[in-house]
Amino acid sequence: GLGAVFTPTGFGTLLAEGKETRHIDGKDYVLEYPIKADFALIKAHQGDRWGNLVYRKSARNFGPIMAMAADITIAQVSEIAELGQLDPEHIITPGIFIQHVVAVNATQGEAA
């Protein structure tokens, strides 16, 4: 991914204080670095043992982003699928970003 980006968002506010700024093509920008996490705990609807994940509803909003931003990602899934069972067109987060998959019984909230 990108190391950092210049964005006009936040320029001239308290959020920009102490950060590098630049004037580019008549506009002012502030340098923002990407979010980085040691661990990410995310929830998905389905996953396989390789860590490929399929989401439902709003779980898709930040789960994939945080999986990519963290050094170690643990995914809680409602359903473990057999390898090859997940439709590749529905996989949102590929297993390369997931280190651990934990299955939780969706009806009782117990670890499987």
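In the predicted model, Thr93 touches Gly51, Asn52, Leu53, Tyr55, Pro64, Ala67 and Ile98, residues up to four places away in sequence not being counted. Thr93 is found in the loop between strand E6 (70-81) and strand E7 (100-103). Its relative accessible area is 2%, so Thr93 is buried. The side chains of Thr93 and Tyr55 are joined by a polar contact of 2.7 Å.

Tyr55 also belongs to the largest nonpolar core, which has 9 residues: Ile42, Ala44, Leu53, Tyr55, Ala67, Ala75, Val77, Ile98 and Ala103. Two or more residues of this core come from each of strand E4 (37-48) and strand E6. For Ala44, a member of the core, the residues touched are Leu53, Val54, Tyr55, Gln76, Val77 and Ser78, with residues up to four places away in sequence again left out.

Asp28 lies in strand E3 (residues 27-32). With a relative accessible area of 33%, Asp28 is partly exposed. Apart from neighbours within four places in sequence, Asp28 is in contact with Pro8, Phe11, Arg22 and His23. The side chain of Asp28 makes a polar contact of 2.6 Å with the side chain of His23. The C-alpha atoms of Asp28 and Gly10 are separated by 10.0 Å, the two residues being 18 residues apart along the chain.

The count of salt bridges comes to 3. One of them is formed by the side chains of Lys19 and Glu32, at 2.9 Å from N to O. Lys19 lies in the loop between strand E1 (5-7) and strand E2 (21-24) and Glu32 in strand E3, so this pair ties together parts that are 13 residues apart in sequence. Both residues count as partly exposed, Lys19 at 35% relative accessibility and Glu32 at 25%.

A salt bridge is also formed between Glu20 and Arg22, whose closest N and O atoms are 3.0 Å apart. Glu20 is partly exposed at 38% relative accessibility, and Arg22 is partly exposed with a relative accessible area of 43%.

The side chains of Asp71 and Lys36 likewise meet in a salt bridge, at 2.7 Å from N to O. Because Asp71 lies in strand E6 and Lys36 in the loop between E3 and E4, the pair ties together parts that are 35 residues apart in sequence. Asp71 is partly exposed, with a relative accessible area of 44%, whereas Lys36 is exposed, with a relative accessible area of 58%.

Conventions
Residues numbered from 1 in each chain as written. Predicted model: local features only at pLDDT ≥ 70, side-chain atom pairs only at ≥ 80, totals over all residues. Heavy atoms only, no water. Helix = DSSP H or I, 4+ residues; strand = E, 2+ residues; numbered from the N terminus. Buried < 20%, exposed > 50% of the residue type's maximum accessible area, 1.4 Å probe, protein only. Polar contact = N/O pair within 3.5 Å; in protein donor to acceptor, adjacent residues only side chain to side chain. Contact = heavy atoms within 4.5 Å. Core = buried A, V, L, I, M, F, W, Y, C linked by side-chain atoms within 4.5 Å. Salt bridge = Lys/Arg side-chain N within 4 Å of Asp/Glu carboxyl O.
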